[in-house]
Amino acid sequence: NARGVSRGAQGGRRSLATYPEFLQLRDQATAFASVMASASMLQRTEARVGGGEPEPVGIRLVSASYFSTLGVSAFVGRTLDAPQEPAEGIAPDAVISYEYWQRRFGAHPDAIGRTMTFRGGVVSIVGVTPPSFFGETVGERPDAWIPLAMQATVLPGRNWLRDEPGSVEKLMW
């Protein structure tokens, strides 16, 4: 469904993939120049920016290849640009939208290097997207893009990268 959880559907065709399926496709596909993964929905959560009070933010969890596959360079700073998916929990970076940069930081370049603290940990802002980039999903405007590998840090609780052994649910992106 739109939340990315499939409960035993056997229809054959589907538009979402599990994280392990994405990794397999990335490693074994020869017909594509590049592949990327993105969470199937915008996550609304709270973050403390630079140690301030908690504030609502919309985040999109994405693969390390997200921006390069889409051909998007940073307006300021850099994008997520790891050649491989980092190990889970080892990629404490965030790229913020131009709109969020304007609204939250008054377009000051010193936003680069500032931190966003979530319930489970901290990420550092490394870049700002161009003004014309809003992500790959029409109608959703993330404030920040964060590596999939940081899911347990920014959205603690359930591990959305791996299926629970014995569960009929498939967690898809």
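Analyst: In helix 3 of this predicted model, the buried residues are Tyr100, Trp101 and Phe105; buried means under 20% relative accessible area, exposed over 50%, and partly exposed in between, with a 1.4 Å probe and protein chains only. Seen down the axis of helix 3, these buried residues fall within an arc of 100°, so they line one face of the helix; the arc is that of the directions from the helix axis to the C-beta atoms. They pack against strand 2, strand 3, strand 4, strand 5, strand 6 and strand 7. Helices (H or I, at least four residues) and strands (E, at least two) are DSSP runs numbered from the N terminus.

Residues are numbered from 1 along each chain as its sequence is written. Local features need pLDDT of at least 70, side-chain atom pairs count only at pLDDT 80 or more, totals for chains, interfaces and linings use all residues, and side-chain values use heavy atoms, with hydrogens and water left out.

The end of helix 3 leads into two residues with positive phi. Gly106 follows the helix with a phi near 60°. Ala107 has a positive phi of about 65° although it is not a glycine. Ala107 belongs to the loop between helix 3 and strand 6, and it counts as partly exposed because its relative accessibility is 23%.

Leaving aside neighbours within four places in sequence, Phe118 is in contact (heavy atoms within 4.5 Å) with Thr45, Glu46, Ala47, Val57, Ile59, Val123, Ile146, Thr153 and Val154.

Strand 3 is one of the elements against which the buried residues of helix 3 pack. Of its 9 residues, 7 are buried, so strand 3 is largely enclosed by the rest of the structure. Strand 3 pairs with strand 2 in the antiparallel sense over 6 bridges; two strands pair if DSSP finds at least two bridges between them. Gln43, for instance, has Ile59 in strand 3 as its bridge partner. The two strands form a hairpin with 4 residues between them, and Gly50 in the turn has a positive phi of about 60°.

Strand 3 also runs parallel to strand 8, to which 4 bridges join it. Leu61 has Ile146 in strand 8 as its bridge partner, and Val62 is bridged to Pro147 there. Strand 5 joins strand 8 as well, through 2 bridges in the antiparallel sense, and Ile96 stands opposite Ala144 of strand 8. Within strand 8, Ala144 and Ile146 point one way while Trp145 and Pro147 point the other way, and all are buried. In a regular strand the side chains alternate between the two faces of the sheet.

Tyr19, Phe22 and Leu23 are buried in helix 1. Seen down its axis, the buried residues fall within an arc of 100°, so they line one face of helix 1. Phe22 is among the residues in contact with Ser65, neighbours within four places in sequence being left aside. Ser65 lies in the loop between strand 3 (54-62) and helix 2 (66-70) and counts as buried because its relative accessibility is 14%. The side chain of Ser65 reaches the backbone oxygen of Val35 at 2.6 Å.

As for confidence, the protein chain averages a pLDDT of 87, and 91% of the residues score at least 70; pLDDT is the predictor's confidence in each residue, from 0 to 100. Confidence is lowest in strand 1 (residues 5-7), at a mean of 53, and highest in strand 4 (residues 76-77), at 97. Where pLDDT is low, the predicted coordinates should not be read in detail.

Conventions: Polar contact = N/O pair within 3.5 Å; in protein donor to acceptor, adjacent residues only side chain to side chain.
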